Amino acid sequence: MRLADRMSRLGTETAFEVLAKAKQLEAKGKHVIHLEIGEPDFDTPRNIVDAGIKALNEGYTHYNPSAGVVELRKAVAEEVAKTRNIQVSPDQVVITPGAKPIMFFVIMALVNEGDEVIYPNPGFPIYESMIKFIGAKAVPIQLREENDFRLDTEELKKLVTDKTRMMVVNSPQNPTGGMLTKEDLKAIADIAQERDLMVLSDEIYSRIIYEGSHHSISSFPGMQERTIILDGFSKTFAMTGWRLGYGVMREDLAVLIAKLQTNSNSCTATFTQMAGVEGLTGPQNEVDRMVAEFKKRRDVVVAGLNAIPRVSCKTPKGAFYVFPNVREIGWDVRRLGDYLLNEAGVAVLFGTSFGKYGEGYVRISYANSVENIKEGLARMEKALDKIK
Ligand SMILES: Cc1ncc(COP(=O)(O)O)c(C=O)c1O
């Protein structure tokens, strides 16, 4: 079979590969602790599930407009306006099956072949994959542990060229849990305005924050028209399998992103969107409970990792990941990840799954019970002790 050239540039998300490998081991009877996959282990809150069932019973089973049902676009507009302190109309909202398509659609709509896009590295692997897939140049900006995994805005200035069209920011961040400060975002906003850049602001973890508060780059004067906010329901409401996300952007762009949706998914499932309305407008105590539980787990995982010889771990302020430094062990992290899975039955992701600057780190998702986290850490310690 002769493939299109662009397929050689398509990346992937290793989390799904490691999950598949772990499942294979489980099928053979091995017990595996899952610290690889980035999804809450909680069930979707009952009121949201009930709203989905009600919508099905009421016949929300047909196509709906490509940009999404008006009830949800309105609820998203109100939520985003309130939390980002900006004005948003429902016409600026496009609902997608998960937030991921927003990345693809926005990059397709705004970036030409040969343009440059700056993205965080280590970072969510789909940014780099999509940038390369469409034939643009992926320009990584390194997130360093010594800078709490925040990007260095002086370095950013130097990376921008006349070909730079867009930059991706993600705070709180996957895989490091790092968060940009308001000052960082202001500096990035200034650069974006000076150099006429669009900003894809991935704010999917904006509700999962333990210290400080969320700031969106869209809130700075003049930034809303050059920012696309990406957010969704997967993480905040434990709804990964429902596939529900959204982008908020200028209206003229929203029309085109909806057109890309017409050309691909047609629309997002209708009853799922009605459940999303309940998520945003219903009681929020379940979200608060999940975040409080994640915080407890974060503290357990950070303390546990720092107690393991040759491993050190920063305390992240948001998301549900830690990115411990395992460089002292002296193994390439891919080999280390395989070893931990096969020998210790602990599934983690190797740092390089998030780009070349992830060498020397692994990513652990603590979206798992305290009991499992403790067991996973104990197994890790024992297995690492065997590496001399
Ligand atoms: C940084 C980041 N952005 C976006 C997504 C996409 O989420 P979804 O498509 O499930 O809404 C993820 C999921 O892991 C993520 O970590």
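The second largest cavity of this predicted model holds about 40 Å³ of space. It is one of five cavities of 30 Å³ or more in the structure.

**Second largest cavity**
- The lining of the second largest cavity is formed by Ile-86, Gln-92, Ser-218, Gln-224, Thr-227, Ile-229, Val-248, Met-249 and Arg-250.
- By class, this lining comprises four nonpolar, four polar and one charged residues.

**Largest cavity**
- The volume of the largest cavity is about 70 Å³.
- Its lining residues include Pro-120, Leu-143, Phe-149, Arg-150 and Leu-151.
- Val-169, Asn-170, Gln-173, Gly-178, Met-179 and Leu-180 also line the largest cavity.
- Seven nonpolar residues, three polar residues and one charged residue make up the lining of the largest cavity.

**Ligand surroundings**
- The ligand is surrounded by 14 residues, of which Ala-99, Asn-174, Asp-202, Tyr-205 and Lys-235 are the closest.
- The shell around the ligand contains six nonpolar, four polar and four charged residues.

- An N or O atom in the side chain of Asp-202 lies 2.6 Å from a nitrogen atom of the ligand.
- Lys-235 places a polar side-chain atom 2.7 Å from an oxygen atom of the ligand.
- At Lys-100, a polar backbone atom is 3.1 Å from an oxygen atom of the ligand.
- On its own, the ligand has 400 Å² of accessible area, and the protein covers 94% of that area.

Technical notes: Residues numbered from 1 in each chain as written. Predicted model: local features only at pLDDT ≥ 70, side-chain atom pairs only at ≥ 80, totals over all residues. Heavy atoms only, no water. Near = heavy atom within 4 Å. Polar contact = N/O pair within 3.5 Å; in protein donor to acceptor, adjacent residues only side chain to side chain. Areas by Shrake-Rupley, 256 points an atom, 1.4 Å probe, with all protein chains shown as cover. Nonpolar A, V, L, I, M, F, W, Y, C, P; charged D, E, K, R; others polar. 1 Å grid on protein atoms, 1.4 Å probe; cavity = no way out; pocket = protein on both sides within 12 Å on 5 of 7 lines; lining within 4 Å. Points joined across faces, edges and corners; volume = space filled by probe spheres on them.
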